[in-house]
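Q: Please take a close look at one part of this model: the place where the two chains meet. Which residues and elements build it, and what does the partner chain look like?

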Amino acid sequence: MLDSIFQNLFNALQWGSFYSLIALGYTLVYGVLRLINFAHGDIFMVGAYIAFFLAMFFLQGDGGLSGPVILAMVIPLTMILTSVCGVALERIAYRPLRRKGANRLYVVITALMCGLILENGNLAFLGASRKSFPELIDKVVYNIGSISMTNLKIGVILSSILVYFVLNAIISKTRIGMAMRGISYDKFAIPLMGIPIDTIIMVTFILGSSLAGLAGILFAMSYPVLDPFMGALIGWKAFIAAVVGGIGDIKGAFVGGFLLGIVEILAMAIFPSTFRDLIAFSILMIILVIKPTGLFGIAKSTKI
Amino acid sequence: MINTKKMSVPSLLFLLAAGTIIAAHFQLIDLYVQTVIMFIGVNIILSSSFNIINGYMGEFACGHAGFMAVGAYVTSVLNIMFFTNSKTFGQAIFAPELALYFFPVTMFIGGVAAAITGLLVAVPSFKTRDDYLAIITLAANFIIVSLFINMDVIGGARGFMGMKQIVFAMEDVAYIPWMLIWVFTFTYFTVFVIRRFVTSTYGKGIIAIHQDEIAAEIMSVNTNKMKLVAFMLSSGLAGLAGGLFAHILGYINPNSFGILKSTECLVMVYLGGMGSLSGSIIAAVIFTLLIEGLRFIIPAADTLLHLMPIIPDTFHLSQVLKWVIIPLILVILMQFRPEGLMGNRELSDFFPKLKKYYEFK
């Protein structure tokens, strides 16, 4: 009994890691721009596809590279290419609107539509056949007691924790992080201080999208079937997780992601698996009703 | 003396409806065109009811399809339970002929059920605003859909069917296109109700909340009550759309009321313009025609591009492409005309001369 609880908790940590990684991207962009970047889940999908094509490219190359070497090349390249995608989205779709000072809602709609374009464009141009991700590293199973862990799952959990600490350091220690916090505090005063607001926003998108790309690789390695709509549901859920944690706060996104993962896995362990969404969302909704600004969010008072 | 200004729009609509129904009855227009016309009606109901919240009240809700699902399921289950012999619900309780007379009643019950489900969103909206409310509506949509997936009695994820029998039962009484009539009736009813509501002194409270919630409260608008009314009205009307949708298709599936359907509603509202009733009607018409039109345009473009060897032979433009084109149109629209087609103005504000001819309140 106790073993199965620990086994489930371990699985929940791995499942929650994906949510956390994606939620961190949501919350970064939201914190700086007050924009729900609804395309973020699809950027995660793009990341998984980029990783797939890169891996296939290296595998078919003449070099005869071994799996771990390929992985070591695929991870940074995917993160770079995914962030190019994210920044392109920002440049093409969001920045012109922001320059015009359009209502925040219009940017949100644009983001939603960009997400639809990404997923359906993928379906239309790459076809409906599902891609299966090649196995890059050999699976090793460790048994501690009766809990079985694979190296991949441990890697996923560790990398999400590592990402959190690195991100936290960037936000709280570096000058760029300080500028990011500044923009989220007062975006009208910050340009007056000589801080290039567009550069900072671009950095935010680079950070967020590369995290989505990383999540894409890890997800593709853990569940090696890719389809164009893989990012839609997980993206919506990660967004909900970010809000439950208190959106705009990276600690909140991190905790919210793991919370959603744990709730989902435990709900699946206790009830039939079709109840997963029902229970998970009901719990999240109750949390939001009780604490409308999320677990770590701070209520903003509105002035007239 | 009949007020011609007041009567012009209803009589024009009546002529349009009667013309379509007669044409459908004598099979001058085929079933496909009829279905498209009915979907235009359903989409008008959806977009104009969603406009109450996203347009007039200015909140960003994104879970409209959930309420549509409630209306669709409640109406269909009631109809099938009462008027047909089915495996799930046993013998018919009433004679099947009565389906015709009780259809508005079951539709109404479906609408009320959807309105009550609207409480799920309305009550949290007292305290929460903005993005947090968006999440609650989103979560509500997920919850409703997965609730229906888990109800095995009504088919679960396999879906629920048999509503065609109700339509056949109605046609047994008198062989005329009943669904077309109902769609026209309920669409007119919805637009009429919304128009009356938002132009009334009471309903202007909603617009006041959009402008400034705190100021509205100081000006003695009971904001909580207004929100409750707005959400319940909006979701109740969405329930009507769901009931019609179920009976047009004859088959419903929980997954067809997912986020994608809600996104369609959002597209229509923002295409038409927030807070413009004529905008959402025009947008619903354009949107439906666009979706159905692309069904023919895409294969045509495919053959054309293959004739002129622009794209390789192995590659074919697929129907999915319409879900790239429509969002693209909206993205471009947002860049150049972010307030939507109509902004928050009505048709008569655009063409002031029209005011001479009609008055629609």
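A: Two residues are in contact if their C-beta atoms, placed from the backbone, lie within 7 Å. This is a predicted model: local features need pLDDT of at least 70, side-chain atom pairs count only at pLDDT 80 or more, and totals for chains, interfaces and linings use all residues. Residues are numbered from 1 along each chain as its sequence is written, and chains are lettered from A and ligands numbered from 1 in the order in which they are written.

The contact draws 38 residues from chain A and 34 residues from chain B. On the chain A side, the elements giving two or more residues are helix 3 (67–100), helix 4 (104–126), helix 8 (230–245) and helix 10 (276–290). Helices here are DSSP runs (H or I, at least four residues), strands likewise (E, at least two), numbered from the N terminus. Helix 4 of chain A gives the most, with 14 residues. By class, this side of chain A has 29 nonpolar, 8 polar and 1 charged residues. Ala, Val, Leu, Ile, Met, Phe, Trp, Tyr, Cys and Pro count as nonpolar, Asp, Glu, Lys and Arg as charged, and the others, Gly among them, as polar.

Now the partner. Chain B has 14 helices and 2 strands. Its C-alpha atoms fill a box of roughly 60 × 55 × 55 Å, taken along the principal axes. Among contacts in chain B between residues at least 6 apart in sequence, 80% join residues at least 24 apart. Residues 98–121 of chain B are 96% helix and 0% strand, with end C-alpha atoms 35 Å apart. For residues 228–252 of chain B, the ends lie 28 Å apart, with 88% helix and 8% strand.
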